[in-house]
Amino acid sequence: MDYFSGLSISFTIILLFSLGGFSSTVAYDALDPEGNITITWDVVSWNPDGYIASVRIYNFQKYRHIEAPGWRLSWTWAKKEIIWNMLGGEATEQGNCSSFKSDSLPHNCERSPTIVDLLPGAPYNQQSANCCRGGVLSSYVQDPANSITSFKIVVGHSSTVRLPKGFTLLAPGPGYTCGPAKMGKPSKFLTPDKRRAKQAIMTWNVTCTYSQFMAQKTPTCCVSLSAFYNDMLLQSGPYGNVQGELLFKKDRRSFTFESGWAFPSTIYFNGDFCVMPPRDLYPHLPSHSTRLVTSVMTSLVIYYLYMMYCFV
């Protein structure tokens with residue numbers, strides 16, 4: 001990335017509930033085309049009524065975190081399976097377990113259970129590895145240690161293992177589309193002394209990808225742009241403040257100073273596209289100017305264009 005002396009750009013990001021003019025051609029994040037959330041389901045042992053599985057959720061996205069209130073994972077059982085018990089997560093409903101006559105009822109009897117993460121501070125004997133953050137997951141690139149979570153599940157009424165179907169991920173709202181569960185290479189787990197590797201009986205994987213267009217057909221943010229120089233920020237005194245995280249990718253065909261401006265053409269907020277004024281409506285300055293001066297009138301023009309584009 002090139003750094004240009006004497007120029008910095010200030011962004012104002014305004015969250016909106018409804019905006020018009022969004023095209024499905026930008027449904028997936030161009031900055032992270034390979035990003036996904038992968039769910040790994042490992043059958044680790046058998047029991048008299050079914051099996052025990054370890055389920056892990058990986059956030060392999062670069063820029064999109066899963067914020068509070070966290071992820072919700074659902075699926076549909078292939079037959080009449082139930083959940084006897086869980087660690088590291090819980091079903092939101094128990095369902096109808098009236099067919100069981102014992103005092104010990106299953107954790108969940110629904111055909112399509114919905115699972116959520118446990119909250120921080122859950123009792124130790126109810127936890128599993130990397131659990132109990134209230135469903136919050138960081139992106140793998142920005143915070144790999146907190147980009148994974150897991151829960152263990154004791155499945156009953158399953159004499160043979162059949163893959164669940166219809167996986168759905170809400171994180172925390174819509175936007176993710178999950179593919180079918182596919183058999184994969186069995187996972188391996190190191191023993192605590194790291195001298196022996198145990199292997200899962202079988203493993204299947206589910207891949208979920210994000211679509212901004214499916215999450216919300218209209219963008220949730222707008223951007224207004226204004227230019228500062230510089231030395232002007234240094235002269236703003238002890239109360240001057242500039243903050244934010246900006247990711248630039250320069251297109252050499254369009255990122256020039258020919259018109260006196262160097263505004264980006266696309267801006268993302270939490271990995272989603274933001275609405276910006278059309279580039280051909282940006283105010284133009286003579287390309288031969290030796291020094292660009294920001295005026296009150298220029299700022300008003302840019303803001304006026306932004307307001308017209310976002311709210312019309």
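Some ground rules before the details. Residues are numbered from 1 along each chain as its sequence is written, and side-chain values use heavy atoms, with hydrogens and water left out. Because this is a predicted model, local features need pLDDT of at least 70 and side-chain atom pairs count only at pLDDT 80 or more, while totals for chains, interfaces and linings use all residues.

I will start with confidence. pLDDT is the predictor's confidence in each residue, on a scale from 0 to 100. The protein averages 76, and 61% of the residues score at least 70. Among the elements, strand β1, residues 8–15, has the lowest mean pLDDT, at 40, and β6 has the highest, at 98. Strands here are DSSP runs of E of at least two residues, and helices are runs of H or I of at least four, numbered from the N terminus.

Two stretches stay under 50. One is residues 1–27, for which the model has 75 contacts beyond four places in sequence. The other is residues 288–297, with 8 such contacts. A contact means heavy atoms within 4.5 Å. Where pLDDT is low, the predicted coordinates should not be read in detail.

Now the cysteines. The structure holds 3 disulfides, a disulfide being a pair of cysteine sulfur atoms within 2.5 Å.

Cys97 and Cys109 make one of them, with sulfur atoms 2.0 Å apart. The torsion about their S-S bond is about 110°, so this disulfide is right-handed. Both cysteines lie in the loop between β6 (89–91) and β7 (114–117), so the pair ties together parts that are 12 residues apart in sequence. Cys97 and Cys109 are both buried. Buried means under 20% relative accessible area, exposed means over 50%, and partly exposed is in between, using a 1.4 Å probe and protein chains only.

Another disulfide joins Cys131 and Cys132, whose sulfur atoms are 2.1 Å apart. What is the handedness of the disulfide of Cys131 and Cys132? The torsion is about -60°, so the disulfide is left-handed. Cys131 is buried, as is Cys132.

That leaves Cys178 and Cys208, with sulfur atoms 2.1 Å apart. This pair links distant parts of the chain: Cys178 sits in strand β10, residues 176–178, and Cys208 in strand β14, residues 202–210, 30 residues apart. With a torsion of about 100°, the disulfide of Cys178 and Cys208 is right-handed. Cys178 has a relative accessible area of 17%, so it counts as buried. Cys208 is buried at 0%.

On to the rings. A search of the whole structure finds 11 aromatic pairs. For a pair, rings of Phe, Tyr or Trp (its six-membered ring) have centres within 6.5 Å; planes under 30 degrees apart count as stacked, over 60 as edge-to-face, and the rest as tilted.

Trp41 and Trp204 have ring centres 5.3 Å apart and planes at 20°, so the pair is stacked. Trp41 is in strand β2, residues 37–47, and Trp204 is in strand β14, 163 residues apart. Trp41 is buried at 1% relative accessibility, and Trp204 is buried at 0%. Trp71 and Phe151 are also stacked, at 6.2 Å centre to centre and 25° between the planes. Trp71 lies in the loop between β3 (50–59) and β4 (72–76) and Phe151 in strand β8 (residues 148–156), so this pair ties together parts 80 residues apart in sequence. Trp71 and Phe151 are both buried. Ring pairs also link Trp41, Trp75, Trp77, Phe167 and Trp204 into a cluster.

How many salt bridges does the search of the whole structure find? It finds 1, a salt bridge being a side-chain nitrogen of Lys or Arg within 4 Å of a carboxyl oxygen of Asp or Glu. The partners are Arg56 and Asp42, with their closest N and O atoms 2.5 Å apart. Arg56 is in strand β3 and Asp42 in strand β2, 14 residues apart. Arg56 and Asp42 are both buried.

Last, the serine. Ser139 is in the loop between β7 and β8. Its relative accessibility is 0%, so Ser139 counts as buried. Leaving out residues up to four places away in sequence, Ser139 touches Asn59, Gln61, Lys62, Tyr63, Arg64, His65, Pro144 and Ser147.
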